[in-house]
Amino acid sequence: MKAIVACLLALTSAAAADRDQLGTPPPPGPPRLALPSSAPPKRKPASLAYAPEALSRFVDALMLDKAGDLRDAAHMYEKANQAGPQANTFYNLADVERRRERYQDAIEAYTKYLELAPDAADRKEVDRAIQTLKATPFLAVIDGFAPDAIVLVDGVLIGPSPVVIQLASGAHHVDRISPTGYRGTNIVAKPGDNDHVVMNPIDDDEPNPGNVVLAGSPAIRSIGGWKDKVTGVEYRIPERFTLEPGHYETDLFGDRRACEKVVFDVPKAKGLLYVYLDAKAPAKPGGCLPLKVRTQLLEVRP
Amino acid sequence: MKRAAWVVLACALASAAHASPKRKTTPDKFTRAASEAFIAAVAADQKGDLRAALGLYTKAFAISPHPSTAYNMADVQLRLNQVKEAMKSYETYLALAPSAPDRADVERLLQKLVEGPAVLTVKTTMASDPSSVSFKWMYVLVDGVIVKKPGVAPIESEQPRLNFDVAPGEHLVEVISDVTYGRRACVVKPAERNECLMTAPPRIDGTIVISGDDRLVIWTSPPSRKDRSPDSVLGKRITLPPGKRKLLVRDRNYECAPILVDVPGGSDLGYLNVTTKESDDLRRCRALDIKRLRLKFDP
């Protein structure tokens, strides 16, 4: 788990500084991350080899690019290439797509540049740029409509919603908890990709002020609930529900699929108990699920 | 004006007619035609016939593009006050001659043309229009910055007006008095007379003006069962109770951190302006530039 947590790098939004002192205080966040898109622009010039139409489009694109109108700039570079494909136009298009965070499009344009200019002096540098873009970690934007929510990823509190975070490749569990709502889901991160994860409560009409959230790793592979055979307590995962203060012990899904029991204490203190079942895939097919139960008391208030 | 490159070429062409074909390469027909048009353009320019010069430079460039032609076109376009066209020609010059020794000078000139200043004239309609505004008792804001306070009289004429130096581009102009509010996005072009006609309903009540980028949505309360898509209060003067209030912000489909405002009581008016300079392409709430003001009006 530590390895995964170390790979979670949140971006602290500039707007976060404006967060309401009355609401949920942001936890200390990881450092701001430099994305490939944030590197300064790198543009190449035209040449006398450009056809007049291609040159005119190229200059239009350059001006749009300098003015910060990146979408129209990309479109105009494409039009320049339609009028007469040129290596430098593909290079500039790639650079614009990089700044637009369209990394796959940037990789395609860089590749085309290298095809048209196989002896380019900066070939190694462009190859490196392609590799960097291919390896860019998955970028997730996690937000929702219920205000004053907090976001946890793989059981770790990241901060107030919205959260922009880079995730290591693989499956992750995401929770968004508002003062009277909850949503948990699994997402799969692929390098160079991104996703907007909108997390609204399943039924946003019904307030859910439950004092316990039970969530777990994607390795658990099941959602739903069970009734403990001994105590009769009903559990649901991933879910928010109400439990009386006290000591709880149960088998995950009421059977022996987990190697360890789910054990936690619901305190009398105010707050929301977050119980995260940190599970790893069984060592052998059909084996039990190694489980660690991690709990934390959260404060989620408007 | 840049003459050297093409003039040297033209001289070479002239002498080529008398030289041995074994020692001189024959220039292609396009280069020859372009150089002839270029020389004619220089002559027209020197005579002060700028329109003819521009036509000939354009012809020369269309036959065979050359950085010097682009530069001279830009120079003539600037003198003809065709600023936008001149900027494109200077950019073409830089694109074709990236190592030009005067690159820094041209870039400085381009920057100057981009940044202006240009003059924005803010006017209102005739007094016969109930929506005309009385500038004297109003705040005028450009892009969320106060450029005129109440009490400062405008230039008097049949239609009172105010002049401001601004950078070329689109600007949000707002007029705010103790009883009303008006806003308009006005485009300012370099080296042109730019007029922005401001009007406002005779009366709009409210304790705070919420302003900024129209691509943002600002709510005073989240969507609910009763109101699935509440109206955005951006661009409006609304009434909120005095004290600290939380506003919910969305940038296109993305949630942003809420914004806290201090709504004044009494005769003062709160003002919030939220904009972003980041690209539309970023798939998340962009970094927001937030300005808060407290506008005071004499009771």
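The C-alpha centres of domain 1 and domain 2 of chain A lie 44 Å apart. Domain 1 of chain A covers residues 47-134 and domain 2 of chain A covers residues 137-298, with bounds that come from an automatic or database domain assignment. The structure is a predicted model, in which local features need pLDDT of at least 70 and side-chain atom pairs count only at pLDDT 80 or more, while totals for chains, interfaces and linings use all residues. Residues are numbered from 1 along each chain as its sequence is written, and chains are lettered from A and ligands numbered from 1 in the order in which they are written.

Two packed helices are described by the angle between their axes and the distance between the axes. Here axes are lines fitted to C-alpha atoms, for helices over the stretch in contact, and angles run from 0 to 180 degrees between N-to-C directions. Helices (H or I, at least four residues) and strands (E, at least two) are DSSP runs, numbered from the N terminus. Helices α3(A) and α4(A), the latter formed by residues 87-99, pack at an angle of about 160° with their axes 9 Å apart. The two helices α3(A) and α4(A) are therefore roughly antiparallel to each other; angles under 35 degrees count as roughly parallel, over 145 as roughly antiparallel, 65 to 115 as roughly perpendicular and the rest as oblique. Their crossing is left-handed, a term used if the near helix is turned anticlockwise from the far one by less than a right angle, with right-handed used if clockwise. From α3(A), residues including L70(A), A73(A), A74(A) and Y77(A) take part in the contact, and α4(A) contributes residues including F90(A), L93(A) and V96(A). Two residues are in contact if their C-beta atoms, placed from the backbone, lie within 7 Å. By class, the residues of this contact are eight nonpolar, three polar and three charged, where Ala, Val, Leu, Ile, Met, Phe, Trp, Tyr, Cys and Pro count as nonpolar, Asp, Glu, Lys and Arg as charged, and the others, Gly among them, as polar.

The second pair consists of α5(A) (residues 103-116) and α6(A) (residues 123-134), which pack at an angle of about 160° with axes 10 Å apart. Helices α5(A) and α6(A) are therefore roughly antiparallel to each other, and their crossing is left-handed. Among the residues in this contact are Y103(A), I107(A), Y110(A) and L114(A) of α5(A), together with V126(A), I130(A) and L133(A) of α6(A). The contact of α5(A) with α6(A) has 10 nonpolar, one polar and two charged residues.

The contact between the chains takes 35 residues from chain A and 31 residues from chain B. On the side of chain A, two or more residues each come from α2, α3 (70-83), β2 (138-143) and β8 (194-198). The largest share, six residues, comes from α2(A). The side of chain A that touches chain B has 21 nonpolar, six polar and eight charged residues. Within this region, the axes of α2(A) (residues 52-66) and α5(B) (residues 83-96) come within 9 Å and cross at roughly 105°. Helices α2(A) and α5(B) are therefore roughly perpendicular to each other. In α2(A), L55(A), F58(A), V59(A), L62(A) and M63(A) meet K88(B), E91(B), T92(B) and A95(B) of α5(B). This contact divides into six nonpolar, one polar and two charged residues.

Chain B is divided into domain 1 (4-115), domain 2 (116-204) and domain 3 (205-299). Four residues of domain 1 of chain B are in contact with four residues of domain 2 of chain B. The domain 1 side of that contact has two nonpolar, one polar and one charged residues.

Three strands of chain B form an open sheet in the order β4-β1-β7 with mixed pairing; two strands pair if DSSP finds at least two bridges between them. The edge strands are β4 (161-166) and β7 (194-198) of chain B, each of which pairs on one side only. Neighbouring strands of this sheet are turned by 25° against each other on average, direction ignored. Strand β1(B) (residues 118-124) pairs with β7(B) in the parallel sense over five bridges, and T124(B) has M198(B) in β7(B) as its bridge partner.

Strand β2(B) (residues 139-142) runs antiparallel to β5(B) (residues 169-176), to which four bridges join it. The bridge partner of Y139(B) in β5(B) is I176(B). Strand β2(B) is also joined by three bridges to β3(B) (residues 145-148), again antiparallel, and V140(B) stands opposite K148(B) in β3(B). Strands β2(B) and β3(B) form a hairpin with two residues between them, and D143(B) in the turn has a positive phi of about 55°.
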